[in-house]
There are 2 protein chains.
Amino acid sequence: MQIHIAPKTLAAQDRAVFYGDGLFSTIAVQQGQALAWAYHQERLVQDSQRLGFPLWDASALDQAVADTAAQMQSGVLKCLLSRGSGGRGYFPPNKPALQVYLYSYPFPDYSSEEVCVRLCQTRLAQQPLLAGMKHLNRLEQVMARQEWQDSHIREGLLCDTQGWLIEGCMSNLFFIKNTRLYTPDLSQAGVAGIIRGRIIDLSRQLGISVSVGQYRLEDLRLADGVFICNSIMGLCSVNQLLDTQQQRLQQWPAHPLVQRLKSALLTQQWIAS
Amino acid sequence: MQIHIAPKTLAAQDRAVFYGDGLFSTIAVQQGQALAWAYHQERLVQDSQRLGFPLWDASALDQAVADTAAQMQSGVLKCLLSRGSGGRGYFPPNKPALQVYLYSYPFPDYSSEEVCVRLCQTRLAQQPLLAGMKHLNRLEQVMARQEWQDSHIREGLLCDTQGWLIEGCMSNLFFIKNTRLYTPDLSQAGVAGIIRGRIIDLSRQLGISVSVGQYRLEDLRLADGVFICNSIMGLCSVNQLLDTQQQRLQQWPAHPLVQRLKSALLTQQWIAS
């Protein structure tokens with residue numbers, strides 16, 4: 001495994017370029033620490049096995065990420081893992097030279113705590129072979145994100161081609177009904193976000209029931225509260241839902257459970273304050 | 001649009017790397033000519049509109065491809081079109097600086113005219129938003145191509161998640177029954193190959209009926225003849241079909257219609273001799 005910190009260029013025949021043959025993870029850095037890195041690394045390891053990558057030694061990457069985070073102090077660290085160059089067309093090399101690219105960015109401005117989201121017309125395909133992974137085949141998200149320009153709309157919600165709610169373009173979705181948490185099953189589509197995983201685990205530890213299942217827009221509309229999450233924004237209450245024509249569909253008050261979960265994740269240093 | 005001929009590196013933040021946000025086409029070059037380039041170019045234009053790329057002037061690319069082909073004389077020219085760098089996450093820049101990368105390779109060894117193919121376990125997702133395009137999100141093909149190592153197996157056939165036959169990993173599929181041609185509909189999955197399009201048009205000109213529809217493995221097994229095609233291999237009769245366990249499922253003789261179509265495509269200089 002070769003690690004490239006803040007690369008300006010990469011090999012023009014890298015399989016990430018040709019086929020999106022790789023993975024990535026986006027990590028919050030605060031006070032020189034890569035938050036929840038152990039979970040990001042675990043997902044990279046698991047998903048690279050699913051893609052058929054050879055086993056890799058995580059310790060060199062751990063060190064590079066720690067060094068880069070220390071250097072950055074604060075911001076967004078993007079870790080991209082590619083199968084590297086070579087192979088015959090789609091057929092990967094027998095012994096791929098995995099490449100890691102580490103990029104750093106300032107934190108985006110996510111100042112408002114309560115956000116407006118919209119429904120996307122774009123539907124996610126059902127593909128269990130790739131579902132859950134944060135791989136580099138992200139055209140669905142690029143297409144969905146092109147549906148709106150209005151910067152007041154934080155996120156677009158995506159259903160799959162069968163109409164099941166899945167996630168946001170860049171976040172996972174939870175809703176609350178009678179103090180129970182609900183979040184879409186991601187076995188057919190979607191990215192199993194690190195913070196989503198932490199929320200599920202932590203909620204159960206806190207005695208909060210979590211259902212992972214198949215839900216429709218109608219289920220969401222009946223919720224007492226809704227929030228989205230990812231490693232960079234943490235948890236954000238969804239205040240308003242717009243339809244695909246940007247007309248108001250539903251409003252929710254901030255639910256106290258969101259603040260409770262947020263505090264618990266902050267205590268664990270899994271999200272940035 | 002910036003055109004890079006035989007690049008060694010590209011920008012590390014190119015959206016082709018991050019999201020597979022681009023397209024490609026693989027063109028046969030013979031006697032210094034890029035075969036069927038007009039059709040490749042037309043598909044690139046159409047698909048870049050589907051992805052929301054800005055309009056681009058094809059003449060500069062025409063010239064670069066012609067020059068590169070003249071230089072190469074013979075081989076495979078890969079033309080990759082990316083949305084370039086920039087944007088906020090998935091959100092593309094308002095005025096993307098499109099990047100074209102031209103790569104050249106020797107022809108692969110496709111000496112045998114009759115080929116053995118196998119059925120893949122990997123299923124293609126149904127995604128009408130992306131179906132037909134030769135975009136850079138090709139993990140399904142990478143996964144499918146990892147199913148076999150045996151170099152005697154030229155190609156793997158893919159069904160979609162609903163069990164409809166779609167294509168090969170790197171080729172399109174046709175079968176013949178009672179002198180009629182059949183090829184899978186690609187509105188839900190698959191790549192609308194240039195040679196597939198030429199075969200459909202040319203067959204109709206020659207008075208050969210072509211049906212584009214939804215077919216199952218059982219339809220294929222009842223065929224009188226089967227062939228696969230792409231821009232590099234041209235047309236190849238499928239002699240033998242193996243199942244996912246590499247057991248023989250079906251054999252077909254070479255059908256005279258394949259040679260007839262091949263000759264007609266050669267006359268048009270759409271495939272290499």
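Predicted model: local features only at pLDDT ≥ 70, side-chain atom pairs only at ≥ 80, totals over all residues.

How many other C-beta atoms lie within 10 Å of A:Gln46?

Tutor: There are 13, so A:Gln46 is partly exposed. Residues are numbered from 1 along each chain as its sequence is written, while chains are lettered from A and ligands numbered from 1 in the order in which they are written.

A:Gln46 sits in helix 2 of chain A, residues 37-50. Helices (H or I, at least four residues) and strands (E, at least two) are DSSP runs, numbered from the N terminus. Look across from A:Gln46 to A:Met133. The two are 87 residues apart in sequence, yet 9.0 Å apart in space, C-alpha to C-alpha.

Now the domains. Chain A is assigned domain 1 (2-105) and domain 2 (114-267); such bounds come from an automatic or database domain assignment. Their centres, taken over C-alpha atoms, are separated by 25 Å. Domain 1 of chain A puts 16 residues into the contact, and domain 2 of chain A puts in 10. Contact here means C-beta atoms, placed from the backbone, within 7 Å. On the domain 1 side, helix 2 and strand 3 (22-30) of chain A are the elements that give two or more residues. Strand 3 of chain A gives the most, with seven. By class, that side of domain 1 has eight nonpolar, five polar and three charged residues. Nonpolar covers Ala, Val, Leu, Ile, Met, Phe, Trp, Tyr, Cys and Pro; charged covers Asp, Glu, Lys and Arg; the others, Gly among them, are polar.

Five strands lie in the order 1-6-5-3-4, with mixed pairing. Strands count as paired if DSSP finds at least two bridges between them. Strand 1 (2-5) and strand 4 (33-34) of chain A are the edges, each pairing on one side only. Strand 1 and strand 6 of chain A run parallel, joined by four bridges. There, A:Ile3 stands opposite A:Val100 in strand 6.

The contact between chains takes 39 residues from chain A and 39 residues from chain B. Strand 2 (9-11), helix 1 (15-19), strand 6 (99-105) and helix 4 (139-145) of chain A each supply at least two residues to the side that touches chain B. Helix 4 of chain A gives the most, with five residues. This side of chain A divides into 22 nonpolar, 13 polar and four charged residues.

Strand 2 of chain A also pairs with strand 2 (residues 9-11) of chain B, antiparallel, over three bridges. In that pairing, A:Ala11 has B:Thr9 as its bridge partner. The copies meet through the same surface, because 100% of the interface residues of chain A are also interface residues in chain B.

Strand 13 of chain A pairs antiparallel with strand 10 (residues 172-177) over five bridges. A:Phe227 is the bridge partner of A:Phe174. Strand 13 also runs antiparallel to strand 14 (residues 234-242) of chain A, joined by four bridges. A:Cys229 stands opposite A:Leu235 in strand 14. A hairpin of three residues joins strand 13 to strand 14.

Last, the whole chain. Chain A has seven helices and 15 strands. Of its 273 residues, 51% count as buried.

Notes. Contact = placed C-beta atoms within 7 Å. Buried ≥ 20, exposed ≤ 12 C-beta atoms within 10 Å, placed from the backbone.
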